[in-house]
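Visitor: Please pick one part of this model and go through it closely. Give the cut-offs along the way.

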Amino acid sequence: MKKSVPWINLVTIVASLSILIAQAIGFRLQCRHALEQAVDEQKRLVGQCCDDFFRQQMEVPSDKGFVVYLFTAETHELLDTYTSVPGSYVENGIVRLNPRLTLQTDTFYLPASVSYNNWSTLATRYVASERGLASPQALEAFLRERLDEPALTVTASAGRQLLADIETVSAGSFFRPTYRLQFGINPLNRESVFIGGSLKTGTLLKEIYWMLAASAVWAVLLILCLIYQARTIHGERKLNRLRNDFLHAMIHELKRPVQSLKILMSVLKDKEMSRDETLRREAVADAQAELDNLSAYFSKLRDMTYGDFKEIPLNRTVFSLNALLRPLAEKAERQGVSIRIDSEPQDILVKADRMHISNIFSNLLENAVKYARGEAVITITLRQTGNRTDIKVSDNGRGIPADELKHIFEKFYRSPAVRRENIPGLGLGLSYVKSLVEAHRGHIRVESEPNRGTTFYISIPQ
């Protein structure tokens, strides 16, 4: 199951990315659809205004009349006859005219694609244009006023086509919404104009407001999922690397005391060498030291499992910190370490887990000795203020580089310089110390400079 976790994370990321991409495509299509709807609505409004424009022009009095005959282009069959002469009418295909008006008669042949509904419209636009009332400039002024769109433009088209209906030529983008329409201003003479303008962005946003809000929320959630998955994969890779480093370090560290014990046992089994009382005592002492090392390693491995609990169990009692430190200091001094304890005159009593507090000091003292350069000098300062006990442990060791300080409390972390020098250790001590301090609801911090020693500050509430 563990091997499948990276694949599951990878599949989750791919799926999230796919959904995000699909959502982006869907959002783009939705924006495009909203733009097209807005252009269609504008097209409808412009078409209505153009019809009103020609209707208005036809109401202007004129001393010139028109008769327009429409035939089919294929069979030359008469389709319909239109007249603009006031007081005139068509009867049985014969136009009854007002004889006082100047008459203009025109004949046009329409393709079959032009529907019956457009015949009257084509004739009306033709008559208005021929009377000089339907110029592109006049139409532009009318549309600007009617649509309240000062930037609207009407320009003549160079193309020659019979355009009965208003058509969409192009639309801009969602973020730059524009429209370009083509309108047959005098379709029978194959004359048309382009009508261009811009749309209000607020109108488009109104169309897709809820969809935009939902897409934004969904996109944020997907991005957060992607970030979480990426961090999970990064954490798993880092944990695997730490596990491998830990296994190599543990094998190396456990192998050394075992090898030493095998050598010492060989010495003790040798009858000649065992007769030497001094040599025997030294071998026993060395064996005892190596066994202590093994025991310490196994204790750290056991303590490491505390990290898997939400809370380390504590057995709180009231005890003296000074009394706790005396045997630890004496043991360190027997190893050639100089320890100074700076405390208040009276014993400092704390309510905590005695074993865990002892382990905190043991680990800090062990580190100070391990990483000392020359004679190790350690100062332990104890202070009690109100409901808080402050502990400071300073040494004169090699110090810690600034870029490594943020990592020293991580499990299995060991400085590259320490690994290169083959200094023994598993990278668990300070992680264990931090866990114990936090179990007491306290906090720990560190200050250090290379070649100037390290100081740990611990504060434990009472």
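Guide: D342 has a relative accessibility of 25%, so it counts as partly exposed (buried is under 20%, exposed over 50%, partly exposed in between; 1.4 Å probe, protein chains only). The model is predicted: local features need pLDDT of at least 70, side-chain atom pairs pLDDT 80 or more, while totals for chains, interfaces and linings use all residues. Numbering starts from 1 along each chain as its sequence is written, and side-chain values use heavy atoms, without hydrogens or water.

The side chain of D342 meets that of R383 in a salt bridge, at 3.3 Å from N to O (cut-off: Lys or Arg side-chain nitrogen within 4 Å of an Asp or Glu carboxyl oxygen). This pair joins distant parts of the chain, with D342 in strand β11 and R383 in strand β13, 41 residues apart (DSSP runs, numbered from the N terminus: strands E, at least two residues; helices H or I, at least four). R383 is also classed as partly exposed, because its relative accessibility is 31%.

Helix α7 itself runs over residues 321-334. G336 follows α7 and has a positive phi, near 90°.

A second salt bridge joins D390 and R388, whose closest N and O atoms are 2.9 Å apart. D390, with a relative accessible area of 22%, is partly exposed. R388 falls in the partly exposed class as well, because its relative accessibility is 34%.

For context, the structure holds 11 salt bridges. One of them pairs R44 with E41 at 2.4 Å, N to O. R44 is partly exposed at 41% relative accessibility, and E41 is partly exposed with a relative accessible area of 36%. Elsewhere, salt bridges link D52, R55 and R146 in a network.

Technical notes:
The expected span of a helix is 1.5 Å times one less than its number of residues.
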